[in-house]
Amino acid sequence: MTSIEQSLTDAQTQVAALKSALSTVVIGQEQVLDEVLWALLACGNVLLEGAPGLGKTLLVKTLSNCLDLSFSRIQFTPDLMPGDITGGNVLLLDEQGHSTGRFELHRGPLFAQLVLADEINRASPKTQSALLEAMQEGSVTISGTRHQLPSPFMVLATENPIEMEGTYPLPEAQLDRFLFKIMVPSPTPSVLESILAATTGHASASPTTVIQRAQLLELQSLCRDVAVPQAVLHYASRITTATDPMASSSTERVRASVRFGAGVRGGQALILGGKARALSAGRPNVSFEDVRAVAKPALRHRLLLSFESESLGLSCDDVLSEVVDGINELPPEVEQRL
Amino acid sequence: MASTSVSPELASVVRQLWMTPQSWLLVLLCLALLGAVGGSIRAKLLSPTDEQIALFFDRRLGAAQELVAAIDPTTPGPFRSCLSQRASPQLDTVINSGMLPGYWRNFHLSLPVTVVVGVLLLNLPTPAPAALPEVGTRSMRLHNDDDLVALEHLDEAPGLSEHTRAELRTVTQQAAELRKKLQDGVSQREALADVAQLQNTVSEGLAELNAPEQRAGLEAAVAVLRQQAQTSSAAQALESFGARALDEEMRRLSSAEERFARQQAKQALEEAERAARAHNADTISRQLSEQLELWDNRTDAAQQVHDLIRSIEERSEMGDARRKDPAKAEALTTPEADGAQADLAPGQDDGKAERLSAGLEHSTVDFSGPDAERIERASRLASRAERQALTKALAKLQQPSPAAKREQALMDASQALSRLQSALSDRPSPLPTPTPGPNAPAPRDTHKRGASSSGESAASGDHQGQSQRVNGTELQAKTEQSMDLRRGQVTATVGRSVATATRETLVPTPQALHALGPEQIESVERARVPSEYREQVSRYFSAD
């Protein structure tokens, strides 16, 4: 067995162990766990959207425990200021309380490897924008000095779609920085039964660390190396382009329902998510199925629906389903011979 | 010298191709060649790429695009080797399980079918040429039988002798039989043969003067007539131009004003008649006898015309003198002239004369006789009684001889038969010869007023024939031949322009291109290479 084969096997094992550890705490959210892990492997940030009480915060806290990463939680409120999350330079005083004339950097909660931005849509846009540099470049600029954030760095934001009053919807630029937008569904009755049974007794022990930091970095590096055939790249690009209502390849539904489609970051999210999915399955290449599987979490927050579509109850997932179903994976020449 | 040799295989192919008269087979072969070339180019363009082949097998094997990733040049090296290791057993599965795509496609079935059809066509026996109806066996029906009806009543023309009527009765009977045949339907050949027989009958009648038994008498009579200058033109008419021309010459001679000239001409005519009778030329003798019988009547009529003209002219001169000198003219006035002139009072002369002249012109009298200008002028000045007398005298003068009437009837029959023959053979009808107008000269008569149609004569003529002048600023056409659309016949259209009044031009018209008759189509078929010639060439190539 070659080293790559071994690495792929190890990666598959580690991801499976991590998912298993998470599953003991977060019950019945297999799809959410998969997508969160894919984003973790792809070094992407995640926006979790779901009703209160579905375990979003619990998921992030459990993930931090399993990964042996520094964790910080920021509860976004309307009066939260950017400096509250990034930190700032503080004037030092001596023992008598006199100024020493020196400043010392007080790092904010953003200086952690796993940041939980709880109810991110309750903070003002100014504060939300403080996350842009951290999410995109992994660094924070304080008083003109750029500070590198610890690696790996991942932001997991949550938002509540129900209580929209007094919230500030995330701007498109901010949304575009999230690799995935994961919808946390309500549990089914059987799952709810399991949750009730598991959470109403004595508190169970917290899961132990499954993946060390170095291992995670290695997995993230290996994820970047996963092969993407040209045909798969072409498929991903066609899906991305088809969401643009101005593109000639877009469907009638897209032209009628979508105001703005996915851009370059959308295509990147498709491929990176596909790579992470392939790696978590121990495969050395991305397949069409990988791209299809990550299409909705990677693109749903990048589509801006028209007012008419929203009023009709049409969701981005509906549009994406139609787009993905309408694009052939194989060239027509191959389809004819099959 | 380099010798040329043909390989047996090539000769066989050429023979087969030559024996195959279907020209479309050659076209088919060319199309097949072009199709092969085009198919090769298309196959080259549509040949699958390596990526497409890998995608095909990935789908067949249910692999997650591992094969296509393994051959992708952008795949990182360590991963490519890993992928190759994974793909190897899958490719073995492909080869062992026969998952290769089928080479034959549905459209490939057309290839053996084409080959089989081509071989069958090459080995088909030479088809016999289409059975064409024999020339002339086409059944004919005549839609317009006016000419035949006219022929049937040919012997009923007034003034014909009993001998002539009996002679023409043969023509009328044959015409009646032919008309009945054409009404019932008859083959083209038979119809044309009947028409030709009729035409021969008529031609024989017209050429009776040239019969061998008449030849000696004709030459003798002509020789007698040529002895005198005034009868030389009569001799030429008798020898070359027939009874109507002789009739005209006799009318001219008998109406000469000088009695001596008339006597000399009559004497020459009598001697000519005797000479013809001496040579047993009955026909010549009979024609000249008819002219002698008419001679005195014509002389009397001519004298009467001269007297009337002279009388009218003298009264006219007296009228002019009275207008100039009434006293002198009163002594010269006679009661008849005064009474006659009462109708032509000064101030009313011109209008009255014009009305009389117009009435005279509508009579059947031909004014091309002697001194036509005097007759015309006198007719304008004549009183009603004088005009009636003048018309009667002129009619008596211009009474044709029985031979001339016979000849005219035969000429009409000949023209009708020509038209009928053209209609039956679907050929353009000969253009009808324009009948000279009332003032147009006879072609041979250079003594009379008018110019010949060739324009060589210096005399002036009005050049007006029966056809109407077409007025217009540009060339206009007048259809001389009706179009029978049901038969698709080819017609000729004559156009006459105002700018060139004496010339006629064939003007092609769309009607002439309306349709092709069956004969035209058959002629195209017959224009192909004859089967005998094809067989000859085949024998040449197979004789190696």
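Chain A and chain B meet through 28 residues of chain A and 24 residues of chain B, where contact means heavy atoms within 4.5 Å. This is a predicted model, so to speak of local features pLDDT must be at least 70, side-chain atom pairs count only at pLDDT 80 or more, and totals for chains, interfaces and linings use all residues. Residues are numbered from 1 along each chain as its sequence is written, chains are lettered from A, and side-chain values use heavy atoms, without hydrogens and water.

**The interface**
- The two chains bury about 2300 Å² between them, 63% of it on carbon and sulfur atoms; buried area is the accessible area (1.4 Å probe) lost on being put together, summed over both parts.
- Two salt bridges are counted between chain A and chain B, each a side-chain nitrogen of Lys or Arg within 4 Å of a carboxyl oxygen of Asp or Glu.
- One salt bridge joins the side chains of Glu5(A) and Arg86(B), at 3.1 Å from N to O.

**Chain A overall**
- Chain A holds 15 helices and 11 strands.
- Of its 338 residues, 50% count as buried, meaning under 20% relative accessible area, with exposed over 50% and partly exposed in between (1.4 Å probe, protein chains only).

**An exposed residue in chain B**
- Leu33(B) lies in helix H2 (residues 23-46) of chain B and counts as exposed because its relative accessibility is 60%.

Conventions: Helices (H or I, at least four residues) and strands (E, at least two) are DSSP runs, numbered from the N terminus.
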